[in-house]
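Here's a quick tour of one protein model, for someone new to reading structures. Take a look at it first, then work through the points below.

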Amino acid sequence: MGYEKVEPLKRLVVLGAGTAGTMIVNKLRPQLPKEEWEITVVEPAVSHLYQPGLLFVPFGRYESDDLRKPTRALLPDGVELVTEPVERVDVESNRVHLAGGRNLDYDQLVIATGTHPRPEMTPGMDGPELGDTVHEFYTMAGAEALRWKLALWDGGRFVVHITELPIKCPVAPLEFAFLADDYFRQIGIRDRVEMTFATPLSGAFTRPIASAQLGDMLAARDIHVEPDFYVERIDDHALVSYDERVIPFDLLVTVPVNMGADFVAGSGLGDELNHVRVDPHTFLADGCDNVFAIGDAAALPISKAGSVAHFAVDVFVENFIDHIAGRPMERSFDGHANCFVESGSGKALLIDFNYETEPLPGTYPVPGVGPLSLLKETRINHLGKLAFRPIYWHLLLPGRRLPVPNAMSMAGKEIPTAQPPREDVTI
């Protein structure tokens, strides 16, 4: 009697179950036959955080339970979830080493472990003032602590600060400044608050047209911009730059250095900030043929934002199916990103851009119709941002296609007759 040879299952390992990792497995599980592929997700966090909502927590608009869902509940059936941290990746042996001693072999690996604030990288930022006069809102604990601080604060020198780029959601510090201005006006203390926006950029934003408009918006709200400010340390209630400029504060809301996972550095895959070096169009890691990085974990010359992950995943999935079948990856990600920018008083802007094209005025997604306006403060843009939270949970994460194109379109955009030179900075 003969025996039929059974081929071993191929193994896809996805590190991280944030926005990008969750979308990837929800899109790929139906396309990878279970009799041929097993999928394992490594994610220590038991709950998935809707990160855009953190912006609103300090102002009392969301509670923690509004922004979290169980990680396991967001993953499809037929996917194994491993809740141990990653220690390192051995790309030579195609193996992931976990902190608890377990090893996971893979045929294909996707790194989607994001980027995270690291206040300890700046002298004085993680000292005794953290949580008192020094705050951040990029974590739930930080956003909740800032909420209680703002509720008790009665005025003084208020500084919103970016340590260095890239950071996830690069417009969030601007949004926070606008919302804080609105908040102080609502509670009647704006005349007792001196506001400063300190940034390593030469203006409010990296791309010139948007930077000019956002800079004008800050000026109209009497928010002073301190440009080209590279902080060296925090010392005695003051930011001190490398060129010895000093910005004193009574309350500092800072965005610390953002860095990728430590295992990225230990695995030889990352840049100086532990973001994985990849082909910006296919997400294939440099020097590898079976390792990809996507979302905030990847070193891309564009914003680290949920919209980038969304558009990138759609391109990645189609390429991945071709890649494992031995076909060339013919689809190319163009760096498409769009972001709502809360501006206070129940209004917001929308910006839409990619690797090559900066944010321009116009309408989105339907040319001439919208209903969203680009680079213009409107009520409907604000409602669009609020509406995105249920869209995120019920459409985006489950991998359902949204009715917007992956590639950026010039349709509906107004091109200025002369554009100022683009600043060469990753946002």
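Helices (H or I, at least four residues) and strands (E, at least two) are DSSP runs, numbered from the N terminus. This is a predicted model, where local features need pLDDT of at least 70, side-chain atom pairs count only at pLDDT 80 or more, and totals for chains, interfaces and linings use all residues. Residues are numbered from 1 along each chain as its sequence is written, and side-chain values use heavy atoms, with hydrogens and water left out.

**The whole protein**
- You'll find 7 helices and 26 strands in this protein.
- The radius of gyration (taken over C-alpha atoms) is 22 Å, close to the 22 Å that the globule rule (2.2 Å times the number of residues to the power 0.38) gives for 427 residues, so the protein is as compact as a globular protein of that length.
- Along the principal axes, the C-alpha atoms fill a box of roughly 90 × 50 × 40 Å.
- Of the 427 residues, 55% count as buried; that means under 20% relative accessible area, while exposed means over 50% and partly exposed is in between (1.4 Å probe, protein chains only).
- A contact means heavy atoms within 4.5 Å. Among contacts between residues at least 6 apart in sequence, 68% join residues at least 24 apart.
- On the charge side, there are 38 positive and 60 negative side chains, with Lys and Arg counted as positive, Asp and Glu as negative, and His and the chain ends not counted.

**The inside**
- A nonpolar core is a set of buried Ala, Val, Leu, Ile, Met, Phe, Trp, Tyr and Cys residues joined through side-chain atoms within 4.5 Å.
- The largest one has 122 residues, and Phe158 and Phe176 have the most contacts inside it.
- Helix α6 (residues 306–324) gives this core its largest share, 10 residues.
- Leaving out residues up to four places away in sequence, Phe158 touches a list of residues including Phe176, Trp153, Phe184 and Leu251.
- There's also a second, separate core of 11 residues, with Met125, Val134, Val159 and Val231 among them.

**Helix α1**
- Is α1 (residues 19–28) mostly covered or mostly uncovered? It's mostly covered: 10 of its 10 residues are buried.
- Those buried residues include Asn26 and Lys27, along with Ile24 and Val25.
- They pack against β1 (10–15), β2 (37–42), β3 (47–49), β9 (108–111), α6 and α7 (379–396).

**A look at Ser332**
- Ser332 sits in the loop between α6 and β23 (337–344).
- With 48% relative accessibility, Ser332 counts as partly exposed.
- Not counting residues up to four places away in sequence, Ser332 touches His281 and Val315.
- Ser332 and Phe388 are 56 residues apart in sequence and 26 Å apart in space, C-alpha to C-alpha.

- Most residues other than glycine have a negative phi, and most peptide bonds are trans.
- Leu165 and Pro166 are joined by a cis peptide bond, with omega about 5°; Pro166 is in the loop between β12 (156–162) and α3 (172–186).
- The bond from Tyr364 to Pro365 is cis too, with omega near -5°, and Pro365 is in strand β25 (residues 362–366).
- His237 isn't a glycine, yet its phi is positive, near 60°. His237 is in the loop between β15 (231–234) and β16 (238–241), and is partly exposed at a relative accessible area of 33%.
- Glu244, also not a glycine, has a positive phi of about 70°; Glu244 is in the loop between β16 and β17 (246–248).

Definitions and conventions: The place of a charge is taken as NZ of Lys, CZ of Arg, CG of Asp or CD of Glu.
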